[in-house]
There are 2 protein chains.
Amino acid sequence: MTYCVGVLLDDGVVLASDSRTNAGVDSIATFRKMTVFEKPGKHVLCLLSAGNLSLTQSAISLVAEWMAGKNAQRNIGKAKTMFRVARIVGEALREVYQDDGESLKAHGNDFNATFILGGQIEGERPRLFHIYAAGNFIEATGETPFFQIGETKYGKPVFDRLLHQGMPLAEAAKLVLISFDSTMRSNLSVGVPIDLLCYETDSLKVTHQRRLGDSDGYLTGIRRQWGEGLKRVFLDIAPPDLDE
Amino acid sequence: MTYCVGVLLDDGVVLASDSRTNAGVDSIATFRKMTVFEKPGKHVLCLLSAGNLSLTQSAISLVAEWMAGKNAQRNIGKAKTMFRVARIVGEALREVYQDDGESLKAHGNDFNATFILGGQIEGERPRLFHIYAAGNFIEATGETPFFQIGETKYGKPVFDRLLHQGMPLAEAAKLVLISFDSTMRSNLSVGVPIDLLCYETDSLKVTHQRRLGDSDGYLTGIRRQWGEGLKRVFLDIAPPDLDE
């Protein structure tokens, strides 16, 4: 399984991905699911991937190859808008589908590959997209300023309760890590290290990127404080009167 | 969708079910998913159901018919153990499968029907079972003293963090309702009223049963207190230092 989150704020974008892949519980490995394309002053483009690793890796390889190629229409480095970048990633997914789709089906496997795309291109505001396996995509708006892919449910309630687009970047990063903690507690197939990228609006460079392992001080700190805090809130609420 | 929970404690059993059914968002209705068989001094048996309503209703109707029939082996009212009751419910599911399984498959529908069974029979301790569509089942133990069926993920983290078998009945009822609140916030197809039954060990009668609607004072109270409490805990945790 996988867990990736992208959050769109007035102040920027927070993106995070776990790094556990599994083909059955006896085949677990660590792979980075965050890919960053940065050209300081021009663009920061970050892709998070979920689904069949062979498919998402192939799509990213294609996108990277196209950056070195001659067709400017397919070059995310030359795209003027994030919308155009999302189209190119979708096109890469469709090319992978052309290559692998039929054979996967013959082996009884779904074509399972999705991306979150976040970042900013010079001249635009920061934007956030959710790209589906068919290459189509949606864009985050103020009403729903976040996307999750992979094992999305355990970590969703904290966003539904606490996230708002005006939140400072660091607060949103904290919320994202709490969401990861809830997910990792309830699903063993989501695991550290967590790749975290915080992008500040109009900086047009990667302002903060780090990898949080199991013994990371900040991660163990929020794990403890969030757990103890929930317990305190729980104990403070009066139980129902069962003698009524 | 559906959300049902059963919790097994030293002090007894807490069982709860939502009551929303939907066949598409344009076909939503309210159905009780909790069925109680009580014979004071002898047994309290409670079934919670998830899946295709036609299948779970049919299975319960069979169980009820068999109680009025002559075959004592199929009569849950005459069962000496909860294990035997679980077997009878499983048998009812298999009979429904015999009747409806093939036709459902022809229409492209899965045979989707699961139960949580909790309660106590005179001479035994309280027990809790999770009965699958194939009629097989598992029993809760101290390591995992709860079962969920239906939309299980949103409401699981609070159990993973806070539940333990030594918890008083009323505290567990509070936790179950918090779990319902998280689920209902994140999935519209789970909805009030919530049927709640708290059974006290060795009472051999229904000690507490109530139905909580949207405006129920206790439910709105914990919704507010839990939401505000989470927010407080969140704000108390320092954000990560993004300048590091």
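I began with the relation between the chains in this predicted model, and I found that a rotation of 180° with 0.0 Å of shift along its axis brings chain B onto chain A, with an RMSD of 0.0 Å. The two copies are therefore related as by a two-fold rotation axis. I then looked for the C-alpha of chain B nearest that axis, and it belongs to B:Tyr154, at 2.5 Å from the axis. I also noted that both copies use the same surface, since 100% of the contact residues of chain B recur in chain A.

Next I turned to the interface, where 34 residues of chain B are in contact with 34 residues of chain A. On the side of chain B that touches chain A, the elements giving two or more residues are α3 (156–162), α4 (169–186) and α5 (217–236) of chain B, and α5(B) provides the largest share, with 11 residues.

My last entry concerns a helix pair within chain B. How do α1(B) and α2(B) pack? Helix α1 (residues 53–67) of chain B meets helix α2 (residues 82–106) of chain B at an angle of about 120°, and their axes are 9 Å apart. Because of that angle, α1(B) counts as oblique to α2(B), and I recorded their crossing as right-handed. Among the residues in this contact are B:Leu62 and B:Trp66 from α1(B), and B:Val89 and B:Leu93 from α2(B). The residues of the contact divide into 10 nonpolar, 1 polar and 2 charged.

Methods: Residues are numbered from 1 along each chain as its sequence is written. Chains are lettered from A and ligands numbered from 1 in the order in which they are written. This is a predicted model: local features need pLDDT of at least 70, side-chain atom pairs count only at pLDDT 80 or more; totals for chains, interfaces and linings use all residues. Copies are superposed by least squares on the C-alpha atoms of residues with pLDDT of at least 70 in both. Two residues are in contact if their C-beta atoms, placed from the backbone, lie within 7 Å. Helices (H or I, at least four residues) and strands (E, at least two) are DSSP runs, numbered from the N terminus. Axes are lines fitted to C-alpha atoms, for helices over the stretch in contact, and angles run from 0 to 180 degrees between N-to-C directions. Angles under 35 degrees count as roughly parallel, over 145 as roughly antiparallel, 65 to 115 as roughly perpendicular and the rest as oblique. A crossing is left-handed if the near helix is turned anticlockwise from the far one by less than a right angle, and right-handed if clockwise. Ala, Val, Leu, Ile, Met, Phe, Trp, Tyr, Cys and Pro count as nonpolar, Asp, Glu, Lys and Arg as charged, and the others, Gly among them, as polar.
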